[in-house]
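Please consult the sequence and the structure while reading.

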Amino acid sequence: MDIYAVGTIFVQLTLGLNAFITAQGFAKTGMLTVIIGAAANIVLDPLFIFVFNMGVRGAAVATVISQGVSCVWAVCFLLSKKTGLKIRLKNMRLSLKIIMPCIALGLATFIMQASESVISVCFNSSLLKYGGDIMQFAMLPLQGIGQGAQPIMSYNYGARNPDRVKKTYRLLLIVNMIYAVILWAAIMLFPKAFAGIFSSDSELVGFAAKALRIYLGGMFLMGAQIACQMAFVSIGNAPCSIIVAVVRKFVLLIPLIYIMPHIISDKAIGVYTAEPIADVLAVTFTLILFAFRFRSAMKKLEKPEAAEK
């Protein structure tokens, strides 16, 4: 752990700097930053673990080195002539006017990510009381697609191009919904196949298959939820992005995790039922809020164009 912790600085620098690379339109370069680190880790892991006979410590060393390689790649690119945003010491002065909006927008994403850990603790503590196990399906592809669309929407929002902002959002929404619906349908049709990935215990798989259908019953709506949250961040509306993240996880889901077992006779199933109920309520709230705020933001972009005509 001590060795792995050293690499934290490389991870933070890489993630932070890669955002500046992607924001300039260098999507392939940003992807290479991730691929280079992953490829280096794949190559170095067996080398340090087996050849140098370092075991777990070797895996940690390999990971830190790989993270360092990714960081060096990102730094070198931002020092090169290809980039418009170059790393300069004179530009590293702290300014509250710049830092505070960044913190506000980053806080929304932080809440989305951190809430998953909090929810996992709440789910498991409740299930320890009533029995049963929990499987949480990570929606990483939705987050990845959203993060890919985010700089495009932000760029066009800053360029006062509402048509492209709307077009990008619609494409993001369609792609997210297609993915979410396909995955949801697959789980509803073949729950045992998904449950079997995590366990070979037939009794556990049987219970998990039933639980998955309930727990992920509202997952097909999550494409819209993630698309709206990412769009809020893209147009600089940090408060709304934070609100929808907090409402779904903390205002709705956490209380329901502890309320539903007292309503449904099967306590473990009651815990699982909290998720789809929270999803439906949260997405409904998000869509209503988004319809008003996004329309208002687009009208503000269109006003100068109308005045010029």
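The structure is a predicted model, in which local features need pLDDT of at least 70, side-chain atom pairs count only at pLDDT 80 or more, and totals for chains, interfaces and linings use all residues. Residues are numbered from 1 along each chain as its sequence is written, and side-chain values use heavy atoms, with hydrogens and water left out. The chain has a largest nonpolar core of 37 residues, 3 salt bridges, 8 aromatic pairs and 0 disulfides.

**Confidence**

- The mean pLDDT of the chain is 84, and 91% of the residues score at least 70; pLDDT is the predictor's confidence in each residue, from 0 to 100.
- Helix α5 (residues 96-130) has the lowest mean pLDDT among the elements of the chain, at 71, whereas α7 has the highest, at 93. Helices here are DSSP runs of H or I with at least four residues, numbered from the N terminus.
- Over residues 128-135 pLDDT stays under 50, and the model has 21 contacts beyond four places in sequence for this stretch. A contact means heavy atoms within 4.5 Å.
- Where pLDDT is low, the predicted coordinates should not be read in detail.

**Nonpolar cores**

- A nonpolar core is a set of buried Ala, Val, Leu, Ile, Met, Phe, Trp, Tyr and Cys residues joined through side-chain atoms within 4.5 Å. Buried means under 20% relative accessible area, exposed over 50%, and partly exposed in between, with a 1.4 Å probe and protein chains only.
- Within the largest core, the residues with the most contacts are Y169, I187, L216, M219, F290, F294 and M298.
- At least two residues of this core come from each of α6 (140-158), α7 (162-189), α8 (191-195), α9 (202-215), α10 (222-234), α11 (238-259) and α12 (267-308). The most is given by α12, with 8 residues.
- A second, separate core has 12 residues, including I119, L253, A278 and A282.
- Leaving aside residues up to four places away in sequence, Y169 touches M153, A227, C228, A231, F290 and F294.

**Aromatic pairs**

- Rings of Phe, Tyr and Trp (its six-membered ring) pair if their centres lie within 6.5 Å; planes under 30 degrees apart count as stacked, over 60 as edge-to-face and the rest as tilted.
- A search of the whole structure gives 8 such pairs. The ring centres of Y169 and F294 are 5.4 Å apart with planes at 40°, so this pair is tilted.
- Because Y169 lies in helix α7 and F294 in helix α12, the pair ties together parts that are 125 residues apart in sequence.
- Y169 and F294 are buried. Ring pairs also join Y169, F232, F290 and F294 into a cluster.

**Salt bridges**

- A salt bridge is a side-chain nitrogen of Lys or Arg within 4 Å of a carboxyl oxygen of Asp or Glu.
- E302 and K166 form a salt bridge, with the closest N and O atoms 3.1 Å apart. This pair links helix α12, which holds E302, to helix α7, which holds K166, across 136 residues.
- E302 is partly exposed at 30% relative accessibility, and K166 is partly exposed at 24%.
- R248 and E275 meet in a salt bridge of 3.1 Å, N to O. R248 lies in helix α11 and E275 in helix α12, so the pair ties together parts 27 residues apart in sequence.
- D279 also forms a salt bridge with R248, the closest N and O atoms being 3.1 Å apart. D279 is in helix α12 and R248 in helix α11, 31 residues apart.
- Salt bridges with shared partners join R248, E275 and D279 into one network. R248 is buried at 9% relative accessibility, E275 at 6% and D279 at 3%.

**Cysteines**

- A disulfide is a pair of cysteine sulfur atoms within 2.5 Å, and the structure holds 0 of them.
- The closest cysteine sulfur to that of C102 is in C240, 19 Å away, which is too far for a bond.
- C240 is in no disulfide, and its nearest cysteine sulfur, that of C228, is 11 Å away. C240 is buried, at 7% relative accessibility.

**A serine in helix α4**

- S70 is found in helix α4 (residues 55-79) and is buried, with a relative accessible area of 6%.
- Not counting residues up to four places away in sequence, S70 touches T14, T33, I36 and G37.
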